[in-house]
Amino acid sequence: MATRHGDYAIEFRDVSRRFVLHHERRASFQDWFVGLIRPRGIAEEFWALRNISFGIRRGETIGIIGRNGAGKSTLLKLVTRILEPSHGSVIVNGRTYAMLELGSGFHPELTGRDNIFLNGSLYGFSRKQMSQRYDDIVRFAELERFVDTPVKHYSSGMYARLGFGIAVNMDPEILVIDEVLAVGDATFQAKCFRALERLKERGTTILFVSHDADSVRRFCDRAALISAGLLEDIGPSNEVVDHYERQLAEGTPQARLLRVRAAGPDGTSLDSIESGSDVRIDVLMRVPENTSTTGLALRLDLRDDAGTHLFSATTLLPELLPPAANASQRPDDAPDTRVATGSIRRLPLAGGTLHVVATLLTDHLDMATSLDRQETVVRVAPAEPGQPGLLALDHCWSWDGDAEANRT
């Protein structure tokens, strides 16, 4: 079944986020005071995220993984509206509760009890509604003895227990968690995962950032790998975690994929096409100078939203790749990027969502190994509204052999 826009809890549409870094040293109070009346030092642009596009279905649990500084926390802050994108849009459909930093949302001078009611009011719950949840929160957090103590005296573990106790009892439609489980002991972590499983069963959408690859592999339906601000991979959690662990063990492959997208004949990026039309798939990859591409292959796979494998095609990478013809396709105008283009004529998918996956792999026949992977989503509009079926095939009817007169 095709995924419609309303089926997504969260959508990232070509999202980028830019920060401006000011490089200026102020060694004394006098330097600081002078800095108030003169221009600041040299400014540098830093793109924490670039051209991020993917959707998260309602009720899905997705892990966000990547190295420190990759852009994971920035992504979550865009979901929770702490930050706004510099380009593109983030669409959130549902009541969201976030645990982004240890102790975030807590007033240090207030007691645990007061902070429970304060959090509830911030998320639109009345005092009566929070009173109904209060005992469950305190029991989950195991803070009965300390609930009337100001939270500034809490340990990191107590902060985590209180935050998580509130989160799982707020009936969130979307729960965003950023590495807060790392401070808990093994017993508390197991308790948290049991609570999260209950939320999953109730249909809560969960975004889960963790450096614990095993937790992502075990708990998440899908995972997204963020690398240097780019969406490097998204797919089943096992496959994406395997990709991430290869990076950690071996370093990033010399040749790697940067982006896959659907494009029109003029190279303009498309996020939707009409059934039966031609579609062009551009795969942007980085191949450093003097890098051998012998034994590498590029595979394109098409799947529908139910995971049905519709099509696959593979090509070997040439030893000498031509430079990218259009500099606008290259991030930062990098000279070591190349574009491979695959063309599909008269796409016969009747309608719905098409998942386009590009995989860079070693060409060893049955022993091929995936080195890198990128995915994009293209919406396919039916040529005829209400047309049933998965495929829209070129066909005709004939009466007494007169086929051409009845082609549809």
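**Helices, cores and sheets: a conversation**

Biologist: How do you know that the length of helix H4 agrees with its number of residues?

Modeller: Helix H4 covers residues 127-141, and at 1.5 Å a residue its 15 residues should span 21 Å; the expected span is 1.5 Å times one less than the number of residues. The end C-alpha atoms are 20 Å apart, which agrees. Helices here are DSSP runs of H or I with at least four residues, strands are runs of E with at least two, and both are numbered from the N terminus. This is a predicted model, where local features need pLDDT of at least 70 and side-chain atom pairs count only at pLDDT 80 or more, while totals for chains, interfaces and linings use all residues. Residues are numbered from 1 along each chain as its sequence is written, and side-chain values use heavy atoms, leaving out hydrogens and water.

Biologist: Which residues of H4 are called buried?

Modeller: Among them are Met-130, Arg-133, Tyr-134 and Ile-137. Buried means under 20% relative accessible area (1.4 Å probe, protein chains only). The cover over the buried residues of H4 includes helix H3 (112-122), helix H5 (156-167) and helix H6 (186-201).

Biologist: What is centred on Arg-133?

Modeller: A kink of about 45° in H4. The bend is the angle between axes fitted to the seven residues ending at a residue and the seven starting there.

Biologist: What makes a nonpolar core, and how many residues has the largest?

Modeller: A nonpolar core is a set of buried Ala, Val, Leu, Ile, Met, Phe, Trp, Tyr and Cys residues joined through side-chain atoms within 4.5 Å. The largest has 44 residues, and Leu-162, Phe-164 and Leu-196 have the most contacts inside it. Leaving aside neighbours within four places in sequence, Leu-162 is in contact (heavy atoms within 4.5 Å) with residues including Ile-137 and Ala-141. A second, separate core of 27 residues includes Ala-9 and Phe-54.

Biologist: Why are strand S12 (272-274) and strand S15 (309-316) said to stand at the edges?

Modeller: Five strands form an open sheet in the order S12-S18-S17-S14-S15, with mixed pairing. S12 and S15 each have a single partner strand, so one side of each is left without a neighbour in the sheet. Two strands pair if DSSP finds at least two bridges between them.

Biologist: How do you know that strand S17 (residues 352-362) and strand S18 (residues 370-381) pair?

Modeller: They have 10 bridges, in the antiparallel sense, and pairing asks for at least two. One of the bridges links Thr-359 to Arg-373 in S18.

Note on methods: Buried means under 20% relative accessible area, exposed over 50%, partly exposed in between (1.4 Å probe, protein chains only).
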